[in-house]
Amino acid sequence: MPRYLVQRLLQAVFVLWAAFTTSFVVLYLLPGDPVSIMASGGGDTNDVSPEQIAELKRVYGFDKPLVEQYGDRLWHALRGDFGISVQSGDPVTRLISGQLPATLQLTSAALLLATVVGAGVALAATYTRRRWLRQALLSLPALGVSAPTFWVGLILVQLVSFRWGLLPAIGNEGFGSLILPAVTLAVPTSAVIAQVFARSLRTALAEPYVETALAKGASRRRVHFGHALRNAAIPPLTVAGMLVGNLLAGSVIVETVFSRTGVGRVTATAVTAQDLPVVQGLVVFGALAFVLANLAVDLIVPLLDPRITGAAATAVTR
């Protein structure tokens, strides 16, 4: 187990380093000068004087050799310093951390809702003996995956908020304002969890130990919700960890549709304004969230099946 944990930690560190390095390299692959891009904010670079460009290069360290820039930025990133936002003038770390609680609230609620709904659909579809009901439940995940997130959000706003007046359409005020965004963000995630969990349950129920348990007198409910459920939980749990990145990406759309503050809105604003320090900080933050989620999954999976350690666990989580 210690060797397994060290291996996963080293992989996590590598992912974070790769995310930072990739985002750094992309800055120099963009057409034009990164400083000119930031100074223009997506506008006309002719409005920025050469003196202003030179000052920005000095402030952001773009006047140094490339290798020195990389080492300097990496050293500051290790200390949680990703520079200053060109648009607002605030430190990137403070800008992201200030909006983080709202996004964590949204993504946590969406993940919880998606897990409950997705697992419920999968369990009901594999337990029922009514063929029409099973087919109807198994068709829901495909519908959820194919529905665009922004379209789901707009439909919910139109019906629930404008037509029925049940919940607020915009803002971050109160629990009611969280429901529609969380549902919107949870729809595609719950669909993926339901697909994976249903397939895993069908595979588990076809194993010989199920027939043995039934032959020994175990009830169908006990076998389904006890033996098969435990063994079938590993694939959807792994998928749920990987879907954290999708939730963060989806928060950009959802927070825009529902006019919520959060990291998603910061991302949309930074990309539109071409605020490169903020974009790089957001890339590393997204990688960190993905890494932490998968580390949590890597620690939980061996608890469900102690045999899964080392190379076996790595194979499963991939």
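This is a predicted model: local features need pLDDT of at least 70, side-chain atom pairs count only at pLDDT 80 or more; totals for chains, interfaces and linings use all residues.
Good morning. Two residues are in contact when heavy atoms of theirs lie within 4.5 Å.

Is Thr184 buried or exposed? Thr184 is buried, because its relative accessible area is 1%, and the limit for that word is under 20%. Leaving aside neighbours within four places in sequence, Thr184 is in contact with Thr149, Val152, Gly153, Leu156, Val254 and Phe258.

I turn now to the nonpolar cores. The largest has 22 residues, and Leu106 and Leu185 have the most contacts inside it. Two or more residues come from each of helix H5 (92-127), helix H7 (149-163), helix H8 (176-205) and helix H11 (234-257). Which helix gives the most to this core? That helix is H8, with seven residues.

Consider Leu106 in its surroundings. Beyond neighbours within four places in sequence, Leu106 has contacts with Leu178, Pro181, Ala182, Leu185, Ser251, Val254, Glu255 and Arg260. Another core, of 18 residues, lies apart from the largest one; Ala77, Val266, Leu282 and Phe285 are among its members.

Finally, let us examine how H8 meets helix H10, residues 220-232. Their axes come within 9 Å and cross at roughly 115°, and the crossing is right-handed. On the H8 side, the contact is made by Phe197, Ser200, Leu201, Ala204 and Leu205; on the H10 side, by His224, Ala228, Leu229 and Ala232. By class, seven of these residues are nonpolar, two are polar and none is charged.

Thank you for your attention.

How values were computed:
Residues are numbered from 1 along each chain as its sequence is written. Side-chain values use heavy atoms; hydrogens and water are left out. A nonpolar core is a set of buried Ala, Val, Leu, Ile, Met, Phe, Trp, Tyr and Cys residues joined through side-chain atoms within 4.5 Å. Buried means under 20% relative accessible area, exposed over 50%, partly exposed in between (1.4 Å probe, protein chains only). Helices (H or I, at least four residues) and strands (E, at least two) are DSSP runs, numbered from the N terminus. Axes are lines fitted to C-alpha atoms, for helices over the stretch in contact, and angles run from 0 to 180 degrees between N-to-C directions. A crossing is left-handed if the near helix is turned anticlockwise from the far one by less than a right angle, and right-handed if clockwise. Ala, Val, Leu, Ile, Met, Phe, Trp, Tyr, Cys and Pro count as nonpolar, Asp, Glu, Lys and Arg as charged, and the others, Gly among them, as polar.
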